[in-house]
Amino acid sequence: MSSVPTALDARFREAAAGLLDVAYDVLDETPVGPLLLGVSDHGLCRVRFDPLPEQDLEWLARRFGPRVLRSPRAVDRVRRELDEYFAGRRRAFDLELDLRAVPEFQRRVLAELRRVGYGQTTTYGALAARVGSPRAARAVGVVMNRNPVPIVLPCHRVVGAGGSLVGYGGGLARKEWLLRLEGALPERRPVRAR
Amino acid sequence: MACPSPVPPFERFYEAHKDEVLAFLRRRAGRERADDLFQETFLRALRAYGRLRHAEHLRAWVLRIAANAVVDAARRERPQGSTAAEPLVHDRRPAFAELAPLTDGLPPRERAAVVLRYGYDLDYHAIGAALGSNEQAARQAASAGVRRLRRRWEAGQ
């Protein structure tokens with residue numbers, strides 16, 4: 001059986017965009033590796049490092065409904081804003097977020113997280129205090145780990161009380177890269193050749 | 001919000017069946033019409049997809065939607081006043097093609113329900129999904145269509 005021509009496939013995926021629970025695409029080459037982006041009609045609902053299509057589509061379908069389809073044009077705006085951010089030309093995202101699937105406590109923590117600006121850092125304890133649960137630093141760490149839209153909701157800006165990076169859902173190397181991009185960590189000096 | 005879905009994510013369903021659906025449409029309607037019907041088929045499937053209650057027979061389901069799209073396209077393209085079925089079907093004359101001219105005068109929903117029920121032997125759950133409504137509405141549409149046909153037949157006697 002011959003396969004569906006690329007142009008026909010693309011045409012359907014574009015036409016389908018308005019009927020989906022979630023439209024997604026995978027960006028294969030970003031400075032932080034491959035990223036899956038998911039968008040519902042309420043806004044951005046997923047940014048995923050190292051996507052695993054099998055699991056990630058199930059994850060989206062469980063939370064938002066089964067009409068989940070790769071539809072690259074539908075994530076154009078998110079793609080553009082991320083490109084600008086990675087290029088150092090954007091300091092804040094101007095995107096609607098869909099956090100309907102996020103439980104209440106997490107949502108409160110994420111709302112506070114959103115106020116941590118570009119190039120700044122805060123600590124797990126400080127963030128816990130800001131949502132009125134000063135002893136919940138560990139719970140805040142869990143919320144950061146489950147952040148459905150990392151980078152856009154900047155959990156990379158949350159560090160340990162002593163200034164150590166502590167952990168990151170996408171791996172510490174990425175956290176360090178993002179903080180350096182924002183100038184929140186000193187630039188690494190290139191080794192000078194003699 | 002967190003409700004387990006009985007069907008796989010649409011991406012999986014689409015990837016699993018798109019090649020076969022296109023081949024089917026090319027056989028039934030020719031290469032030229034197949035592209036438009038392909039899009040129509042999967043858009044119809046997508047509209048009904050969120051209401052499916054189980055993941056059985058998804059292949060048969062989407063092929064029936066495709067066959068229905070072919071019938072609808074033939075109906076749209078038929079010249080006004082003509083009662084002959086479009087010769088879109090080249091292999092053999094299936095039940096739906098026999099039914100097409102008989103059900104011509106029915107309102108579209110009743111006609112679709114009658115053709116899907118008696119031409120394709122679909123159950124009402126599948127018909128409801130294909131029509132974008134539900135099982136009960138599909139049953140009512142088919143039975144209203146049959147009553148209308150019967151009245152028309154009796155009047156002609």
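Predicted model: local features only at pLDDT ≥ 70, side-chain atom pairs only at ≥ 80, totals over all residues.
Local features require pLDDT of at least 70 and side-chain atom pairs count only at pLDDT 80 or more, whereas totals for chains, interfaces and linings use all residues. Residues are numbered from 1 along each chain as its sequence is written, and chains are lettered from A in the order in which they are written.

Q: How many helices and strands are there in chain A?
A: Helices (H or I, at least four residues) and strands (E, at least two) are DSSP runs, numbered from the N terminus. From that terminus on, the elements of chain A run α-β-β-β-α-β-α-α-β-α-α-β-α. The count for chain A is 7 helices and 6 strands.

Q: What percentage of the residues of chain A count as buried?
A: A residue is buried if 20 or more other C-beta atoms, placed from the backbone, lie within 10 Å of its own; it is exposed if 12 or fewer do, and partly exposed in between. The C-alpha trace of chain A spans about 60 × 55 × 25 Å along its principal axes. Of the 194 residues of this chain, the buried share is 36%.

Q: Which strand gives the most residues to the side of domain 1 of chain A that touches domain 2 of chain A?
A: An automatic or database domain assignment provides the bounds, and chain A is divided into domain 1 (6-86) and domain 2 (104-181). Each of the two gives 8 residues to the contact, where two residues are in contact if their C-beta atoms, placed from the backbone, lie within 7 Å. On the domain 1 side, 5 residues come from strand S3 (residues 43-49) of chain A.

Q: Is A:Leu97 buried or partly exposed?
A: A:Leu97 lies in the loop between helix H3 (76-86) and helix H4 (104-113) of chain A. Not counting residues up to four places away in sequence, A:Leu97 touches A:Gly43, A:Leu44 and A:Val149. Because A:Leu97 has 19 C-beta neighbours inside 10 Å, its class is partly exposed.

Q: Which element gives the largest share of the side of chain A that touches chain B?
A: The contact takes 23 residues from chain A and 24 residues from chain B. On the chain A side, the elements that give two or more residues are helix H1 (6-16), helix H2 (53-64) and strand S4 (68-70). The largest share, 6 residues, comes from H2(A).

Q: Within what arc do the buried residues of H1(A) fall?
A: The buried residues of H1(A) are A:Phe12, A:Arg13 and A:Ala16. They line one face of the helix, because, seen down its axis, they fall within an arc of 100 degrees. The arc is that of the directions from the helix axis to the C-beta atoms. What covers these residues includes S4 of chain A together with H1 of chain B, and the arc is 100 degrees.
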